[in-house]
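Here are my notes on the model you asked me to look over. They are set out as numbered points.

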Amino acid sequence: MKVVFDHLTKIFPNRTKGKEDVIAVNDFCFEIPDGKLIGLLGPSGCGKSTALNLICGLEEATRGKIYFGDEDVTNLPPENRGVGMVFQNYALYPHLTVKQNIMFPLENLKGEEKMSREAMEAKALEAAKLVQIEDYMERKPSQLSGGQQQRVAIARALVKIPKVLLLDEPLSNLDARLRLQTREEIRRIQKETKITTVFVTHDQEEAMSISDIIVLMKLGVVQQIGKPQEVYDDPINLFVAKFLGTPAINVFNGRIEKHKVYIGADCIGDSKLSDREVYIGIRPEGMVVDKKGVLTCKFDRREVMGRDHSVVCHNKECISDIDIRAIIPSDTEVDANAKTITFSLKPMKVYLFDKESEERLR
Amino acid sequence: MINRNNLKAWLYLLPAIAFLAVFMVYPLVDVFIYSFEEGYNFASQTSFGTGAYNYLYVLHDPYFLQALKNTFILVIITVPLSTGLALLISLALNSIKKLKELFQTVYFLPYVTNTLAVGLVFMILFKKTAYSEGLINLLINSFGGHSVDFIEGPYWAKMFVLCFYTIWIVLPFKILILTSALASVNQDYYKAAKIDGTSKFRTFTRITLPMISPMLFYLIITGFIGAFKAYSDVVAIFGVDLNAAGMNTIVGYIYDMLYGNSGGYPSFASAAAIILFIIVLTITVINLLASKGDE
């Protein structure tokens with residue numbers, strides 16, 4: 001089931017006098033294709049959870065429409081939308097067993113949809129098998145690990161075979177190893193069921209690793225939509241560039257003079273643009289240690305991260321909150337006593353941004 | 001090392017244990033012993049003999065049976081009613097947004113109101129005097145009914161006043177506990193239920209009730225114990241001579257046996273006290289078992 005947003009807007013009126021209303025979701029206009037896994041990504045307070053609540057109907061839209069397929073669901077109550085939702089804290093009913101939890105949505109069905117006890121149990125078992133939790137059917141949620149609880153929550157959301165599956169920060173309560181495992185699991189389940197899935201996260205790595213499409217938001221406004229790699233390689237503004245990637249992109253104050261791009265005194269390349277002040281973003285993997293390089297920085301130290309190493313250095317033009325980082329293969333030789341270090345830059349990994357609008361300059 | 005720590009721990013506990021032993025354990029044991037000593041006399045510290053006579057006497061005493069009946073009626077009516085009412089009011093309070101604090105305060109007022117003031121209010125409501133019939137009687141009259149003497153009249157009228165008073169006086173505390181219990185239920189459960197299309201009734205029975213059931217059981221158990229120990233409220237309404245009014249309670253009976261006009265029988269009082277203790281213990285154990293079985 002594809003999901004279409006048509007100028008969707010949600011405004012929370014501010015109760016305190018003199019303060020402005022909060023526009024949590026501002027003029028959403030895009031389409032989620034059928035059967036895809038979408039990552040809604042952004043820093044906290046960017047409106048991603050509100051967007052999710054609008055899809056499932058827990059919040060009412062101020063303006064605009066939401067369609068599931070061709071059906072306008074904007075004014076439908078949550079129970080009539082056919083969505084399944086997994087909450088950040090799972091919201092499993094603690095007094096019910098795993099089986100009862102999974103069966104709970106089925107027991108709510110009325111009229112023609114009403115199922116027999118056997119049919120319900122069969123369905124619940126099917127959902128449990130999908131998330132590989134069938135051995136724990138008689139346990140209470142408190143007797144399960146975080147990852148298992150997560151699976152139960154997913155099974156409960158899937159048991160009615162929803163048109164859209166919604167996941168609100170599904171991995172944030174899990175430890176690092178389990179998170180990795182569970183996100184693979186979510187990916188697998190989504191592939192198997194082919195249910196259109198929207199999941200919200202503030203963790204860019206999580207979003208990039210499993211999403212078909214990521215939607216990057218800031219202050220209620222969609223910044224960029226696209227395949228994770230495309231968005232990473234081709235950010236449309238400074239915010240997107242900074243938000244995606246670990247270590248984060250290095251940002252410098254720079255300028256264009258006579259079609260040459262400068263960081264401080266270093267000329268790092270050519271540009272067709274006219275003279276102006278710019279921000280220059282360079283991805284850590286775009287900086288290659290090279291004695292004949294174009295960018296000179298003060299060398300600080302080398303950090304070992306296992307597979308590859310990172311060089312930490314300083315440059316007075318750098319405006320990132322943290323030091324400049326360059327990712328280098330672990331076998332690269334770096335003189336540990338050197339005062340300075342020079343890099344050559346991969347053109348594909350260097351982006352120019354307007355100083356005022358922070359939009360990408362091409 | 002462990003032993004020394006243990007010694008220290010006992011030393012710290014000693015003051016509390018000493019006080020409990022002297023003022024709680026010793027009297028309890030003493031009461032138990034008195035209850036089997038026939039005709040025990042405080043002054044001479046003597047008794048005629050030992051046996052179950054005290055219990056037989058108390059259990060055949062019409063005043064005690066009346067007190068037992070009164071207490072049971074009071075318990076059976078007020079505990080479920082007050083808990084149910086408190087739950088309804090708490091649910092309502094929890095679902096309104098405007099003026100919530102105001103209503104919470106209003107419902108909590110009886111808890112902080114002086115007993116004498118409450119007594120006065122109930123006088124105005126129920127008591128027949130030379131000048132007034134009482135507010136409730138005026139209401140009954142305006143609907144064409146006959147005046148009822150709630151304080152010295154028929155048994156059911158007196159029992160009604162007592163139950164009304166008891167419910168009214170225990171309600172605020174229960175509302176306070178239940179509103180906070182309801183507010184502490186994670187909202188995500190309700191959101192999840194809503195998305196799954198759970199009906200309001202089912203949400204209440206399958207989610208809200210189990211979530212607040214520990215608090216409900218707490219209120220029911222303390223409610224039972226409190227109602228079984230009813231005495232001062234009854235005196236406040238019907239005066240000291242409860243046997244004459246036919247409104248005595250078990251605690252009232254015990255008090256009368258000790259100090260009342262017909263008093264001076266510590267052995268009978270002790271036996272009645274032990275019977276009350278057994279009743280309360282039984283009910284509490286049943287309650288606890290029921291709450292355990294529910295899980």
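The points below take chain A and then chain B of this predicted model.

1. Domains of chain A. Seven residues from domain 1 of chain A and ten residues from domain 2 of chain A make up the contact. On the side of domain 1 of chain A that touches domain 2 of chain A, five residues are nonpolar, one is polar and one is charged.

2. Overall form of chain B. Chain B has 13 helices and two strands. Its radius of gyration is 24 Å, well over the 19 Å that the globule rule gives for 295 residues, so chain B is more spread out than a compact globule. The C-alpha trace of chain B spans about 75 × 75 × 30 Å along its principal axes.

3. A helix pair in chain B. Two packed helices are described by the angle between their axes and the distance between the axes. For helix α4 (residues 100-112) of chain B and helix α7 (residues 155-183) of chain B, the angle is about 135° and the axes are 7 Å apart. That angle makes α4(B) oblique to α7(B). The crossing of α4(B) and α7(B) is left-handed.

4. Residues of that pair. From α4(B), the contact includes Y107(B), F108(B) and Y111(B). Among their partners in α7(B) are W168(B), F173(B) and L176(B). The residues of the contact of α4(B) with α7(B) comprise eleven nonpolar, two polar and no charged.

Terms used:
Residues are numbered from 1 along each chain as its sequence is written. Chains are lettered from A and ligands numbered from 1 in the order in which they are written. This is a predicted model: local features need pLDDT of at least 70, side-chain atom pairs count only at pLDDT 80 or more; totals for chains, interfaces and linings use all residues. Two residues are in contact if their C-beta atoms, placed from the backbone, lie within 7 Å. Ala, Val, Leu, Ile, Met, Phe, Trp, Tyr, Cys and Pro count as nonpolar, Asp, Glu, Lys and Arg as charged, and the others, Gly among them, as polar. Axes are lines fitted to C-alpha atoms, for helices over the stretch in contact, and angles run from 0 to 180 degrees between N-to-C directions. Helices (H or I, at least four residues) and strands (E, at least two) are DSSP runs, numbered from the N terminus. Angles under 35 degrees count as roughly parallel, over 145 as roughly antiparallel, 65 to 115 as roughly perpendicular and the rest as oblique. A crossing is left-handed if the near helix is turned anticlockwise from the far one by less than a right angle, and right-handed if clockwise. The radius of gyration is taken over C-alpha atoms; the globule rule is 2.2 Å times the number of residues to the power 0.38.
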